[in-house]
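This briefing covers the fold of one chain and the surroundings of its ligands. Please keep the sequence and structure in view while reading.

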Amino acid sequence: MKSVRFAVTALSLVMLCLDVIAGAEIEMPGDAETKVPTPPPVAAQTCVACHGEAGASTNPIYPILAGQNMRYIYLQLKDFKEGRRSDPQMSPMAANLSKEGMLALATYFSEQPPPPNVFNADASKAAKGKQRADDTLCTMCHQGSYQGQNEIPRLAGQHFDYIKKQLVDFKNKTRTNDAGNMTSVSGTLSDEDIENIAHYLAGM
Ligand code: HEC
Ligand code: HEC
């Protein structure tokens, strides 16, 4: 018994040391100064009308782009341009973008700080939404904190109306640009589940 406990303590110590080393690496002096922010591409001016200043949308029907993952933004612009995803307002916006233009926009928006979260989540719905999301293993792809990764979108703090619409669109197969991952997941969700999950994610 004692030796097991010792092994566990030793392991914790090693992990603590690793944490300290990792922490030290992250906080190297000079890092803050060397990071040059990406200037807004000229095309970003046209996005402001709907997605807000620097992508920090405050209108719940327009998704927040600020802080969204770079690869995900790029892929969505490409999908809108090539018709795999369509929306009467958004499709024309992507139609004339070049690959370089889309990459520049994606990089710029991904580096902007997301707006402060002002959504007033219903606590009981959000708790049910969390339960349903945990049961459905949403975090397997979207990560524990719902920050996403690469081509998987960040969902934490995204607008309630927008999240709800996307889940309904995936479920009704009117959004089909996801290689089937989201279509099969959303097919198992009831309207109530979708409402609850949207409260949970928008309130994060
Ligand atoms: C006229 C309004 C409008 C303008 C201007 C506009 N968009 Fe959009 N955009 C939308 C709407 C509406 C959606 C959501 C469509 C849907 O419901 O599927 C959207 C969705 C998106 C998405 C997908 C986000 C996600 O989370 O999946 C990206 C990326 C995007 N827009 C980028 C841009 C960029 C970059 C520009 C500027 C070049 C731009 N938009 C200009 C209305 C607009
Ligand atoms: C197998 C991986 C996977 C699982 C599991 C998964 N997702 Fe997704 N989800 C994705 C991918 C990939 C996309 C982006 C699809 C695309 O490229 O259009 C996405 C997109 C979304 C979007 C649209 C976001 C936006 O900005 O437009 C929402 C909302 C979403 N997922 C919610 C959920 C919820 C809620 C669950 C659990 C019930 C879930 N996802 C489970 C992979 C997954």
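This is a predicted model: local features need pLDDT of at least 70, side-chain atom pairs count only at pLDDT 80 or more; totals for chains, interfaces and linings use all residues.

Residues are numbered from 1 along each chain as its sequence is written, while chains are lettered from A and ligands numbered from 1 in the order in which they are written.

**Fold**
- The chain has eleven helices and zero strands, where helices (H or I, at least four residues) and strands (E, at least two) are DSSP runs numbered from the N terminus.
- Its pattern along the sequence is α-α-α-α-α-α-α-α-α-α-α.
- Of contacts between residues at least 6 apart in sequence, 72% link residues at least 24 apart; a contact means C-beta atoms, placed from the backbone, within 7 Å.
- The chain has 204 residues, 25% of which count as buried (20 or more other C-beta atoms within 10 Å of the residue's own, C-beta atoms being placed from the backbone).

**Ligand 1**
- Around ligand 1 there are 20 residues, with Cys47, Cys50, Asp87, Met90 and Met93 nearest; a residue counts as near if its C-beta atom, placed from the backbone, lies within 6 Å.
- Helix 3 (48–51) and helix 4 (70–82) each give this shell at least two residues.
- The shell around ligand 1 comprises 13 nonpolar, five polar and two charged residues (nonpolar: Ala, Val, Leu, Ile, Met, Phe, Trp, Tyr, Cys and Pro; charged: Asp, Glu, Lys and Arg; polar: the others, Gly among them).

**Ligand 2**
- The shell around ligand 2 holds 23 residues, and Thr136, Cys138, Cys141, Asp178 and Asn181 are the closest.
- At least two shell residues come from each of helix 8 (139–142), helix 9 (160–171) and helix 10 (181–187).
- By class, the residues around ligand 2 are 15 nonpolar, six polar and two charged.

How values were computed: A residue is buried if 20 or more other C-beta atoms lie within 10 Å of its own, exposed if 12 or fewer, and partly exposed in between; C-beta atoms are placed from the backbone. Two residues are in contact if their C-beta atoms, placed from the backbone, lie within 7 Å.
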